[in-house]
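Me: I would like to go through this structure with you. Could we begin with charged pairs and then turn to the domains?

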Amino acid sequence: MEDIVIRSLCKAFDGKPVLQGFSATLPAGRVSCIMAPSGGGKTTLLRILLGLEAADSGEICGLAGLRLSAVFQEDRLLENLSPVANIRLVNPRRPRGEVLAALAAVRLSGCEDQPARELSGGMRRRVAILRALLAEWDVLLLDEPFKGLDEETKACVLAFVRRAVEGRTAVLVTHDAAEARALGAAQILTL
C-alpha cells in the first residue's frame with residue numbers, strides 16, 4: 001500500500017471556507033492524527049476522504065481501490081439490532097465467537113444480544129468502534145471515537161484499538177493529544 005497524499009484541498013460551505021489549501025502525507029501503515037478547534041474542518045476532511053463530500057479543489061492520491069472503514073461522531077447503529085448483528089452487518093463472515101471476544105475485550109460482555117436502543121451512550125460508542133474495526137479495511141478513519149467514554153473504559157478501548165491498527169493505516173481526529181500518543185500516532189497534523 002502507498003502513502004495517501006493530500007494536495008491543496010479546499011472546501012467551503014455557503015461561501016465560508018472550512019479547508020483552505022490543506023496538504024499532507026498520511027504514511028501507509030501508520031496512524032496519523034488530525035487536530036483543530038471545533039469547526040476547523042476535521043470532520044469535513046474525513047468526509048472528503050470517505051467520498052461523502054466533494055472537495056471544491058485539490059486532490060487526494062493513494063485511496064483508489066482501498067477499503068475504508070470509519071467511526072463517525074454519531075454511532076449510527078441500527079436501533080433494533082444487537083451489538084453482534086450491528087458488527088456483523090459490515091462483515092457477515094466474521095465468526096460470532098470473534099465478535100463476542102472483541103465485545104469482551106472492550107467490557108461489553110452480557111449485552112451482545114440486546115437491541116442497540118437499550119444500550120447506554122458509552123456502550124453504543126464501543127459497538128460503533130468494534131463495527132469499524134471488525135470490517136474488512138485498508139484505511140481506518142476515526143472521528144472523535146472515544147468521546148463520552150470514562151477514563152478507565154477509554155484506556156481499555158484505546159489499548160484494543162492500538163492493537164488493531166498496529167502496522168495499518170489509520171487517521172484519528174481528536175482534541176486530545178493523549179489519545180494520539182496512546183494510538184502511537186506517527187504524526188499530529190493541525191488544520
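Me: What do the side chains of Glu136 and Arg93 form?
Reply: In this predicted model, the side chains of Glu136 and Arg93 form a salt bridge, with 2.7 Å from N to O. The two residues are 43 apart and the pair links distant parts of the chain. Glu136 sits in the loop between α4 (121-133) and β6, and Arg93 sits in the loop between α2 (83-89) and α3 (96-105).

Me: Is Arg93 buried or exposed? And which class does Glu136 fall into?
Reply: Arg93 counts as exposed because its relative accessibility is 65%, and the cut-off for exposed is over 50%. Glu136 has a relative accessibility of 37%, so this residue counts as partly exposed.

Me: How many salt bridges are there by this rule?
Reply: The count comes to 16 salt bridges. There is also a network of salt bridges, which links Lys11, Arg47, Glu53 and Asp56.

Me: Why can such side chains pair?
Reply: Side chains of opposite charge can pair when their charged atoms come close.

Me: Now Lys154, please. Where does Lys154 lie, and is Lys154 buried or exposed?
Reply: Lys154 is part of helix α5. Its relative accessibility is 10%, so Lys154 counts as buried; the cut-off for buried is under 20%.

Me: Which residues does Lys154 contact, leaving aside its neighbours within four places in sequence?
Reply: With those neighbours set aside, Lys154 is in contact with Phe146, Leu149, Asp176 and Glu179. The side chain of Asp176 also meets that of Lys154 in a salt bridge, at 3.4 Å from N to O. This pair links distant parts of the chain, 22 residues apart: Asp176 is in the loop between β7 (169-173) and α6 (177-182), while Lys154 is in helix α5. Asp176 is partly exposed because its relative accessible area is 27%.

Me: And what about Glu151 and Lys154: how many residues apart are they?
Reply: Glu151 and Lys154 are three residues apart in helix α5, about one turn of the helix. Their side chains meet in a salt bridge, at 3.9 Å from N to O. Glu151 counts as exposed because its relative accessibility is 60%, whereas Lys154 is buried, with a relative accessible area of 10%.

Me: Changing topic: which domains does the assignment give?
Reply: The domain assignment of the chain gives domain 1 (1-66 + 138-191) and domain 2 (77-137). Their C-alpha centres lie 23 Å apart. Domain 1 brings 20 residues to the contact, and domain 2 brings twelve residues.

Me: What area is buried between domain 1 and domain 2?
Reply: The buried area is about 1,400 Å², and carbon and sulfur atoms give 72% of that area. On the domain 1 side, the residues that lose the most area to domain 2 are Leu140, Cys156 and Phe160, which together account for 35% of what that side buries.

Me: What is the count of salt bridges between domain 1 and domain 2?
Reply: The count between the two domains is one salt bridge. As for a further charged pair, Arg107 forms a salt bridge with Glu152, and the closest N and O atoms are 3.1 Å apart. Across the interface of domain 1 and domain 2, four residue pairs are found in polar contact, both residues being at pLDDT 80 or more.

Me: Which elements give two or more residues to the side of domain 1 that touches domain 2?
Reply: Those elements are β6 (139-143) and α5 (151-165). Helix α5 gives the most, with eight residues. By class, this side of domain 1 has eleven nonpolar, three polar and six charged residues.

Me: What does Cys33 touch, not counting residues up to four places away in sequence?
Reply: Under that condition, Cys33 touches Leu172, Thr174, Ala180, Ala185, Gln187, Ile188 and Leu189.

Me: And how far is Cys33 from Leu149?
Reply: The C-alpha atoms of Cys33 and Leu149 are separated by 19 Å, and the two residues are 116 residues apart along the chain.

Methods: Residues numbered from 1 in each chain as written. Predicted model: local features only at pLDDT ≥ 70, side-chain atom pairs only at ≥ 80, totals over all residues. Heavy atoms only, no water. Domains from an automatic or database assignment. Contact = heavy atoms within 4.5 Å. Buried area = accessible area lost by both parts, 1.4 Å probe. Salt bridge = Lys/Arg side-chain N within 4 Å of Asp/Glu carboxyl O. Polar contact = N/O pair within 3.5 Å; in protein donor to acceptor, adjacent residues only side chain to side chain. Helix = DSSP H or I, 4+ residues; strand = E, 2+ residues; numbered from the N terminus. Nonpolar A, V, L, I, M, F, W, Y, C, P; charged D, E, K, R; others polar. Buried < 20%, exposed > 50% of the residue type's maximum accessible area, 1.4 Å probe, protein only.
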